[in-house]
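Let us walk through a protein and the spaces inside it. Start with the fold, then look for the gaps.

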Amino acid sequence: MEKLLVSSCLLGQPVRYDGSAGGPFGLLQRWQAEGRIIPICPEVAGGLPTPRPPAEIPGGQGAAVLTGQLKVRTLDGDDVSPEFLRGAHIALQLVKQHGIRFALLKARSPSCGNLENYDGTFSGTKVAGEGVTAAALKQAGVQVFNEDELDKLARLMDGSNG
Ligand code: SF4
């Protein structure tokens, strides 16, 4: 059965930086009941607490964090890259362990965003980019979707062996 890596906050778990959640969505609840969902919050898995200070990547490119060219920084300037990288590594381990090809990750997160990100100025300015975990998963060949792309993902999942 095709399994799916999902941001924990989209499953209703209150793990976002401000202690909130982003879901849950009915379809995800069904897949969860079918045992198809592998949840992860990369930031919590990487060792950060909840709640935690908001963090952004200057320029919004998670791939550059993976190569060490950019740091993920909190509003106060603290470098939280090690925790973000640890979370991405754990997500990769889960993908390998479960043979996962698809991920549904929260949009515009410095860990999970797949298409857009904030630009590092903490001003709400969005840029084309991706979070650290999303970038790592894409590099590993995982197709990454966000919650606004759930219909597209569902069609792919339904067309798979699940
Ligand atoms: Fe949700 Fe990802 Fe942020 Fe965790 S790191 S709260 S899963 S968006």
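This is a predicted model: local features need pLDDT of at least 70, side-chain atom pairs count only at pLDDT 80 or more; totals for chains, interfaces and linings use all residues.

Residues are numbered from 1 along each chain as its sequence is written, and side-chain values use heavy atoms, with hydrogens and water left out.

Now the overall form. The C-alpha atoms of the protein chain fill a box of roughly 45 × 30 × 25 Å along the principal axes. The radius of gyration of the protein chain is 15 Å, which agrees with a compact globule, because 162 residues packed that way would have a value near 15 Å. This radius is taken over C-alpha atoms, and the globule rule is 2.2 Å times the number of residues to the power 0.38. Of the 162 residues, 46% are buried (under 20% relative accessible area, with a 1.4 Å probe and protein chains only).

Next, the gaps. Rolling a probe the size of a water molecule over the atoms shows where empty space is left. On a 1 Å grid over the protein atoms alone, a cavity is a set of points where a 1.4 Å probe fits but cannot get out; a pocket is an open set with protein on both sides within 12 Å along at least five of seven lines; lining residues have an atom within 4 Å of a point.

The largest pocket has a volume of about 450 Å³. Its lining counts 25 residues, and R16, Y17, R108, S109 and P110 lie nearest the centre. By class, this lining has 14 nonpolar, five polar and six charged residues. At least two lining residues come from each of α2 (42-45), β3 (55-56) and β6 (116-118).

What takes up the space of the largest pocket? The ligand does. Around the ligand are 14 residues, the closest being C9, C41, E43, K106 and C112. Six residues of this shell are nonpolar, four polar and four charged.

The whole structure holds one cavity of 30 Å³ or more. The largest cavity has a volume of about 40 Å³. E43, L48, R52, P53, A55, T74, V80 and F84 line it.

Methods: A residue is near a molecule or strand if one of its heavy atoms lies within 4 Å of it. A molecule sits in a cavity or pocket if more than half of its atoms lie within 2 Å of its grid points. Ala, Val, Leu, Ile, Met, Phe, Trp, Tyr, Cys and Pro count as nonpolar, Asp, Glu, Lys and Arg as charged, and the others, Gly among them, as polar. Grid points are joined across faces, edges and corners, and a volume is the space filled by probe spheres set on the points. Helices (H or I, at least four residues) and strands (E, at least two) are DSSP runs, numbered from the N terminus. Buried means under 20% relative accessible area, exposed over 50%, partly exposed in between (1.4 Å probe, protein chains only).
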